[in-house]
Amino acid sequence: MPRAQAAKTDPTPLPHGATTSPEGLAPQPVPSLRTLSARRWLLPSTVIAELDLDAGRPARSGRPRRTVRDWIVDFGCFLLALAIGLAAANTLTKDPNTPHALAVVDQVLGALACGAVWLRRRWPLGLAVALIAVGLVSTTAGGAGLVALFTLAVHRPFKYVGTLAGLQLALLPLYFWLRPDPDLPYLAAIAVTALLTATVVGWGMFVRSKRQLMLSLRDRARRAETEAELRAEQAQRLAREAIAREMHDVLAHRLTLLSVHAGALEIRPDAPHEEVARAAGVIRESAHEALQDLREIIGVLRAGDSDEAGRPQPTLAALDALVTESRSAGMKVALANRVVDPAAVPASVGRTAYRIAQEGLTNARKHAPGAEVTVTVSGGAGDGLTLSVRNPAPPGDVPLVPGSGQGLIGLTERATLAGGRLEHGAEGDGGFHVRAWLPWPA
């Protein structure tokens with residue numbers, strides 16, 4: 001039986017096929033299924049069946065086939081039962097109190113019991129029950145009875161072996177009263193036999209516990225492997241969501257500028273040359289910025305760098321440039337920045353505030369063209385940063401603009417991950433607002 005060691009639960013993922021030591025200090029290797037399959041001849045057939053190492057090898061009559069180890073163990077158990085039976089037969093023939101006919105019957109039953117040892121794997125419970133009854137009239141069947149009891153302790157739960165062992169111990173006084181031992185006193189014979197029975201039961205339960213430990217380690221390895229796969233899938237999903245959110249926040253703003261200016265050129269094909277040139281310049285610049293942002297995101301994907309890789313990420317200090325860019329696209333934007341030192345805002349908080357303002361301006365440009373948008377930023381260290389983007393009802397009819405609301409969902413996730421909160425919704429006058437509060441540690 002391969003040696004297995006118990007391991008403490010450790011939240012740190014371990015390599016496949018390894019567990020921690022009982023002290024939790026060093027990883028202890030557990031044989032993989034491939035290694036165990038190569039050594040299947042050293043394992044019991046029942047363990048091979050539990051570990052699914054015999055897949056693709058059909059067993060006769062649906063039962064696990066004996067391995068080399070099984071044949072060796074079975075032959076050893078047969079020899080042990082035969083040796084005990086021969087010793088008992090030798091004592092029996094020298095006992096003048098035993099009739100010759102009873103001695104012959106005893107030896108015949110003992111020989112049959114020794115032969116029945118080869119059936120111990122197929123019917124462990126039935127063989128143990130039968131040999132208890134045979135043992136009441138046959139002294140030479142005692143070795144086979146111990147082997148059957150050991151097999152029952154290995155292959156069946158304790159309730160079965162405990163019941164039969166208790167029954168056998170209870171029958172010992174009756175047995176030795178009917179068939180007294182010629183070499184030992186009455187009480188000594190009972191004590192020795194009871195000790196031998198308890199030893200055999202304990203040994204069988206120990207073997208069973210080792211097998212169950214091996215199977216539990218197999219289950220733990222499979223469970224750890226499954227959990228590692230799930231964690232990897234979850235990490236990949238979160239990474240994809242973060243990348244998709246970043247692409248939406250960045251590209252939606254640029255592409256909206258392209259759409260606005262291209263729409264203006266489409267509506268006014270006879271616009272002055274200077275206005276057409278300015279609109280074309282904005283379209284070119286927006287397309288260039290969109291391509292640059294897309295290259296950076298793809299570069300992060302290829303290199304596996306963090307969000308700070310490549311061009312510096314925008315912070316709250318870049319909010320003025322964002323408003324200026326929106327105004328150049330023809331939007332009416334009023335900025336009320338009440339933060340005394342925008343550069344003092346933590347980079348992560350400033351970047352989140354910038355993305356919220358960017359998404360708010362993009363939505364206002366799409367759903368309320370011509371309306372004046374008010375962006376308000378206030379707060380301080382220790383009080384948090386408050387940002388609001390509000391627009392009134394659009395002055396005219398608004399063409400249908402495709403959208404799924406994923407931008408606002410992404411902003412809510414951004415604010416939550418930053419430790420803040422975000423709310424948005426329509427107002428009574430037909431306008432729309434986006435308000436966010438982000439923590440700003442003192």
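## Salt bridges and sheet in a predicted model

Student: Which residue does Arg-390 form a salt bridge with, and how far apart are the closest N and O atoms?

Tutor: In this predicted model, Arg-390 forms a salt bridge with Asp-429, and the closest N and O atoms are 2.8 Å apart.

Student: Where do Arg-390 and Asp-429 sit?

Tutor: Arg-390 is in strand S5 and Asp-429 is in the loop between S6 and S7. The pair links distant parts of the chain, 39 residues apart.

Student: How many salt bridges does the count come to?

Tutor: Four. One of them is between the side chains of Arg-435 and Glu-423, at 4.0 Å from N to O. Arg-435 lies in strand S7 and Glu-423 in strand S6, so the pair ties together parts twelve residues apart in sequence.

Student: How accessible are Arg-435 and Glu-423?

Tutor: Arg-435 is partly exposed at 34% relative accessibility, and Glu-423 is partly exposed at 46%.

Student: Which residues do the shared partners join into one network?

Tutor: Arg-390, Glu-423, Glu-427, Asp-429 and Arg-435.

Student: Changing topic. What is the strand order in the sheet?

Tutor: S3-S4-S5-S7-S6, five strands in an open sheet with mixed pairing. Strands S3 (332-337) and S6 (421-426) are at the edges with a single partner strand each, so one side of each has no neighbour in the sheet. On average, neighbouring strands are turned by 10 degrees against each other, direction ignored.

Student: How many bridges join S4 to S5, and do they run parallel or antiparallel?

Tutor: Seven bridges, and the strands run antiparallel. S4 covers residues 372-380 and S5 covers residues 384-391. Gly-380 stands opposite Gly-384 in S5.

Student: Which strands does helix H11 lie across?

Tutor: H11 (residues 347-367) lies across S3, S4, S5, S6 and strand S7 (432-438). Its direction is about 5 degrees to S5.

Student: And H10, which strands does that lie across?

Tutor: H10 (residues 319-328) lies across S3 and S4, running at about 165 degrees to S3.

Note on methods
Residues numbered from 1 in each chain as written. Predicted model: local features only at pLDDT ≥ 70, side-chain atom pairs only at ≥ 80, totals over all residues. Heavy atoms only, no water. Pairing = 2+ DSSP bridges. Helix = DSSP H or I, 4+ residues; strand = E, 2+ residues; numbered from the N terminus. Axes fitted to C-alpha atoms, helices over the stretch in contact; angles between N-to-C directions. Contact = heavy atoms within 4.5 Å. Buried < 20%, exposed > 50% of the residue type's maximum accessible area, 1.4 Å probe, protein only.
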